[in-house]
Amino acid sequence: MTRTSAPSGFLALLFLALLVLPERARAQDLVADLSEHLVAITAGFTGTDVLLFGAIEGPGDVVVVVTGPAHDVIVRRKDKLLGIWLNAKSIRFSGAPSYYAVASSRPPGTFLSDAILGRLEVGANNLRLIPAEGQKATAEEIATFRAALIRRKQARGLYQDSIGDVNFIGRTLFRTRLYLPANVPTGAYIVTAYLIRDNDVVSAQTTPLLISKIGIGADAYEFAYDHSAAYGVIAVIIAVMAGWLASVIFRKS
Amino acid sequence: MYVYLPIAEMSVNVILILGMGWVVGFLSGVFGVGGGFLMTPLLIFIGIPPAVAVGTQANQIVAASVSGVIAHWRRKNVDLKMGMVLLAGGIFGSTVGVWLFSLLQNLGQIDLIISLLYVILLGTVGLLMLQESVRAILRRRRGVAQRGRLHEHNWLHGLPLKMRFRRSKLYISALLPFVLGVIVGILSAIMGVGGSFIMMPAMIYLLGMPTAMVVGTSLFQVIFVTANVTFLQAYQNQTVDLFLALLLVVGGVVGAQFGSRFGTYLRGEQLRALLALMVLLVCGKLLFDLVATPGDFYSLQYPVLR
C-alpha cells in the first residue's frame, strides 16, 4: 500500500474482497461492491439510486456496465395507410437487455478501441442486439429497427442515454451512482466493473443485483400470473362487494 | 403521493387516479351512463398500457353497475327475462371478444383497433345524440309538442323464436336481444366499456322497450358481461390491476353521488346535448392521434414468454 493513512472504509473493502474472492490467490487489481444487492419495489417505489464503490490498484480507468435480465422485444414501425398510422413492419429481437446503463471515469471512446467497446458492450450503440431466428429483413432494416429499439428504450429511461461518471477519491477509491427508474424491470441484474489499462482489460469484477417486487403488490402480481383464474374470481367478488357497499353507504345519506 | 401498480407495472399519483375516478363518476352520475368510454381513453392518455386499461376498466364497471342496479331493482325497473337473453348473448360475445383481444395483441394491432372502434362508435353515437337533442331543444323553444309513433312494425318482427317479455310488454324474437348482447359483449371486451351507450339506444329504438326498463335492465346484464370480461382478461391476459380498479371505484362512487344531484338541475335534452359534445370531444382526440404524424414511427412490445 502506498498511502499511509488509508481510510477505514478502504481497509474494510479489501477485507471484504478477500472474503468474497478467496479463490484468487494473487492480489486483485480491482474490487467493487454495491451499497445494496437487493432493490425492493414496494408500493411507494418511484425509482432509486444504488451506489457502486470500489478500489483499484495502480493506474487505469474504470468502466461499469449494468445489464438487466434479457428478454425478447418486438419493434414495430408505423406506416400511413388511408390516412391512418398503423403498425406495419415488425422485427423481433431476442436477448435484448431489459435495462442497460454504463458509467466511466473518462469518456470511453478516449481510452478504448472500437473493438473493445464492442466486446464489453460499452455504450447503448455497442449492445449486441440480434434479430430472433426466422426474421425476414434486410440488413438496412435491421439497422434502423435496432436503432429504434435503443431510442425507445432510452426514451423510457431503460437504456441510459448518457454515460455516467465514475468518480475517483484519491487514486484508488472510486464510486458511481446507478439510477434505477420507477419502471425498472424486475429480475437478476449483472453489474460488471472493468479496470482498463492501455486499452486492455486488466481486471474485472461482476456483482449481482436483484430487483424484485416486495409486499402486497408483489404478492398480487405473483398471484395474478400463477393463479390467474382465482385472481379473476377475486377481482369480480371485490368489485361486487365494493359496489354493494357504495350503494349501502350512499343510500342513508 | 405515489403508489406502484403491480399489474400495470408503473407508479401513479393516487390523487390523480382518484380525481379521474371522481370526474368520470360525476359525469356518469349527471348523464346516467357508465363512463367507461371516457375512462379507458383517459387511462391510456396517462400511460397505462391499453390492455391493462381495458381489463381494469371492466372490473371497475362491475362495481359501478352493482351499485347502480340495486336502486333500479328496488323500483322494479329490471326486466329479468330480457336481461337473461341479453346476457346469454353478452357472455358469448365477451368470450369471443377477449379471445379476439389476445389475437390482436399478438398481431400488434390492438391499440389501433381500440382507437378505431372508439372513433367510429363515439363519432356515430355522438352525432346522432347531438342531432336529436338539438332538435328537441329547438322544438321546446318553438313550443310545438310532437308525438313519435309508439310502435313500429318492420322485418325485425318477422324473425322466428318469438318470446314474451312481460315487464317490457313486448312479444319479439329472442334472436334480437341475443344478437344485440353478442355485439355489445364483443365491444365490451375489446373496448373496456359496459356498452350502455350502444345498448340503451338499441333497446329503445330497435327492441322498442319502455324507457323506464332500459337503464335497469342494461345495468343488470352489464354486471355479468363485465364480470365475465374481468375474469377472462385476468385469466388469459393478466391485464386486471385490482389496485387501480379499487382507486377508480372509490373516486367513481363518490363522484357519481355528486353528479346525480347536479344532474337534476339540467333538462334532459340539454344533458343529452352536453353528453354528445363530450363524446365527440373524446372521439376527436382519438381521431387526431390516429391521423397525426407520430413523434416516433417505432414502438416496442414485449411478448409474454410461456
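**Exercise 1.** What is the strand order of the open sheet of six strands in chain A?

*Solution.* Before we start, a word on the model: it is predicted, so local features need pLDDT of at least 70 and side-chain atom pairs count only at pLDDT 80 or more, while totals for chains, interfaces and linings use all residues. Residues are numbered from 1 along each chain as its sequence is written, with chains lettered from A and ligands numbered from 1 in the order in which they are written.

Step 1: strands (E, at least two residues) and helices (H or I, at least four) are DSSP runs numbered from the N terminus, and two strands pair if DSSP finds at least two bridges between them.

Step 2: reading across chain A gives S2-S13-S12-S4-S7-S9, with mixed pairing.

Step 3: S2 (38-41) and S9 (164-165) of chain A each have a single partner strand, so one side of each lacks a neighbour in the sheet.

**Exercise 2.** Find how S7(A) joins S9(A).

*Solution.* S7(A), residues 100-104, runs parallel to S9(A), and two bridges join them. Ser104(A) has Asp165(A) as its bridge partner.

**Exercise 3.** Describe where chain A meets chain B.

*Solution.* Step 1: counting contacts (C-beta atoms, placed from the backbone, within 7 Å), 49 residues of chain A touch 45 residues of chain B.

Step 2: H5(A) gives the most to chain A's side, 16 residues.

Step 3: that side has 29 nonpolar, 13 polar and seven charged residues. Here Ala, Val, Leu, Ile, Met, Phe, Trp, Tyr, Cys and Pro count as nonpolar, Asp, Glu, Lys and Arg as charged, and the others, Gly among them, as polar.

Step 4: S5(A) and S5(B), residues 298-301, run antiparallel, joined by four bridges. Arg76(A) stands opposite Ser299(B).

Methods. Two residues are in contact if their C-beta atoms, placed from the backbone, lie within 7 Å.
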